[in-house]
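Have the picture open while you read.

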Amino acid sequence: MNPSLPSHGFRKVNAPMPAAEPKPSAPSGVVTRFAPSPTGYLHIGGARTALFNWLFARGRNGTFLLRIEDTDRERSTPEATAAILKGLAWLGLDWDGEVVSQFDRRHRHAEVALEMLARGHAYKCFSTPEEIEAFREAARAAGRSTLFLSPWRDADPASHPDAPYVIRLKAPRQGATVIEDAVQGTVTFRNDQLDDMVCLRADGTPTYMLAVVVDDHDMGVTHVIRGDDHLTNAARQTQVYHAMGWRVPVWAHIPLIHGPDGKKLSKRHGAVGLEEYQVMGYPAAGMRNYLARLGWAHGDAEFFSDAEARAWFDLEGIGRAPARLDFRKLENLCGQHIAATPDAELLPEIEAFLEAAGRPALLAAQKDGLARALYSLKDRAKTFPELLEKAHFVLAHRPFVPDEAAAKALDPVSRGILRELTPHLRNGSWSREALEEVVTRVAGAHGIGLGKIAGSLRAALAGRTISPSVFDMMLVIGREETLARLQDATA
RNA sequence: GGCCCGUUCGUCUAUCGGUUAGGACACCAGGUUUUCAACCUGGGAAGAGGGGUUCGACUCCCCUACGGGCUGCCA
C-alpha cells in the first residue's frame, strides 16, 4: 500500500497529540478509519462517527486512520479538507500516519477495476447516460423498478463498439448478499435488488463505491464504523470484496443524528458544523462526552473521562435508532467538564476559544489574573463565554463602569455602607475568615443581611451583578485593588 | 414505486421473557444560598397501534402507522 500525500496543501494542519496515556492491553490489530468527503464543514454527525472510530481503535490499542474521499473533483475543496482537519484537531481526535487522499490513489483503483474485468467479475458497458436516463424515466412512469440492467453484461467483446464505456461490476443475479452488521444485525439483500454498479467512469476515474473498498482493503481496515446511510452500500461493496477475494471487514452502521425536531440534521437546525461548537465555547472534552453518549450507552454512565470512554466503548452498546441533539444536556456535561478540568489545561483552551471566536487575545496581566481566579470560576460556568463573563472582575482595568444592574446596586445608602466598610478592610487581615467576619459585622451593624451588602460589594468589585463570591474576588485581586475599586465606586 | 433500517418518559438512554420499567438532562414544587452556577428533598413523565407465540412479553414473530436510508458515470 502506498497512501499518497494529499494533493492540496493541508499537511500543515496537524492534530495535536493528546497527553500520553498508558496504552491499554495488547495490540488488537484493530484498524478503523474516518473517511469524510471534503465538500463542506465537518458535520456534527461526521464528528461523532469519527469519535466512535477513534474510541474503538484507541480503546483497543488499535490504529485510527484518516482518509479524505475527494474523488468528486467538482465538489471537493481544499478549504473543506482544512476545515475537517481543524475540526478533528479541536475535538482532540488524532489519527495515525499520513492523511490519505482518495483521489491520489485513483490509479490503484483503476488497476483493481481492470483486474476484475480480466477475471470476468466486471464488464464494459457502452450504454450512454442518456440511454440509461431514458430507461429510468420510462420505468418510473410505468411504475417498474428503475434498476438498470445493462445489455452489455454478457455481450461478446467482438461486438464492442469503439465508444466510451464504463466498467460495471458483474454482480450476482441470483441469491442474496448478506451483511453481518455489529449494530444492525444480519441484513439480507436480494441480489435482484442490486444493480451492476459502475466501478470506473467513462473518463477512467473510479467511483466512490469502488474506491472505498480498495482503500479500506489496502489500508488494512478491520472495522468500518460509519453512518447507516451506507447500509445499502455495504451490500454492493461486499460484492466487490467477494469479486476480489478480499476479507470483508466488520461492518458497524450507526444511526444518523437528527435535529431537535427529529428530522434529518440540516442547516435550518443551526450549528451543524463542528467548528460552530468551538465558537460557542463548548469545551472539547464535554463535546466528546456528549457525542459519545448520543446513540451509545454504557449502563447508567453519563459523565465520564476520555480514558473511561476508551475503556468502555464497544459496538454492542450502540443503539439502532437515530438520536436527537439536545443542547441542554450538552451544556450540562460541558459545565461538569469545565469544573473537572485542571486550571493548567483550561487556560490554553480558553485562549483557543477566544481565537476561534475572533475575540481579542488575553493580555499577559489578564492571563495571570484569570489563572489565579479560575478556581472560583470554573464550577459556575457551562461554556467559556459564560466563564469569561463571570471573570470580568479580574479581566477589567479600573476604573471601569458598572453595567446597568450593578449601577442600581450602588445606590447612595449602599455606597455609604461600603465607605464605612473600607477602613475595616484596610486594616484587617486578608484572609477569607477575616474578610467574612468583617463584612458580616458591618452588615450587622446596619441591620442588613450579608446578601444585601454582598450585592453592592459585588457591584463595586466586579461592575456586574453576576460574579464569583465577593470573598473570592477580594482574595484574587488583593487588598490594594479592592480598596481602589471601593474608592472608585463610592467617590 | 421497490428494497433496507428504525420506534421505551419532552430528550439521551438502561432493560438482553418474569422489575413498583431504572438513570441522566429538562421541567414543576419545596429547601439551602452573597449573585450566578451548584447543591439537597420531593413530584409529574414512557414501552406507536393491532394481532399472535408463551404460564408470562418493552423484550420473540406478523401486520399497520409514522420516521429515516438507498434506489447516480455523488460521496
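## Pockets, a cavity and a helix pair

β1 (31-34), α1 (44-58) and β9 (223-227) each give at least two residues to the lining of the second largest pocket. Helices (H or I, at least four residues) and strands (E, at least two) are DSSP runs, numbered from the N terminus. Before going on, note that this is a predicted model, where local features need pLDDT of at least 70, side-chain atom pairs count only at pLDDT 80 or more, and totals for chains, interfaces and linings use all residues. Residues are numbered from 1 along each chain as its sequence is written, chains are lettered from A and ligands numbered from 1 in the order in which they are written, and side-chain values use heavy atoms, with hydrogens and water left out.

Back to that pocket: α1 supplies the largest share of its lining, 5 residues. Of the 34 lining residues, Pro36, Ser37, His43, Asp229 and His230 are the closest to the centre.

There's a cavity too: searching the whole structure turns up 1 of 30 Å³ or more. Its lining includes Leu51, Leu55, Phe304 and Asp306.

| Space | Volume | Lining by class |
|---|---|---|
| Second largest pocket | about 1,000 Å³ | 13 nonpolar, 12 polar and 9 charged residues |
| Largest cavity | about 40 Å³ | 5 nonpolar, 2 polar and 2 charged residues |

On a 1 Å grid over the protein atoms alone, a cavity is a set of points where a 1.4 Å probe fits but cannot get out, while a pocket is an open set with protein on both sides within 12 Å along at least five of seven lines; lining residues have an atom within 4 Å of a point. Ala, Val, Leu, Ile, Met, Phe, Trp, Tyr, Cys and Pro count as nonpolar, Asp, Glu, Lys and Arg as charged, and the others, Gly among them, as polar.

Now for α8 (residues 284-293): its axis comes within 8 Å of that of α10 (residues 327-340), crossing at roughly 135 degrees. That makes α8 oblique to α10.

Finally, the backbone: what is the peptide bond from arginine 398 to proline 399, cis or trans? It is cis, with omega near 0 degrees. Proline 399 sits in the loop between α14 (392-395) and α15 (404-409). Asparagine 61 has a positive phi of about 55 degrees, although it isn't a glycine.

Methods:
Axes fitted to C-alpha atoms, helices over the stretch in contact; angles between N-to-C directions. Parallel < 35°, antiparallel > 145°, perpendicular 65-115°, else oblique. Points joined across faces, edges and corners; volume = space filled by probe spheres on them.
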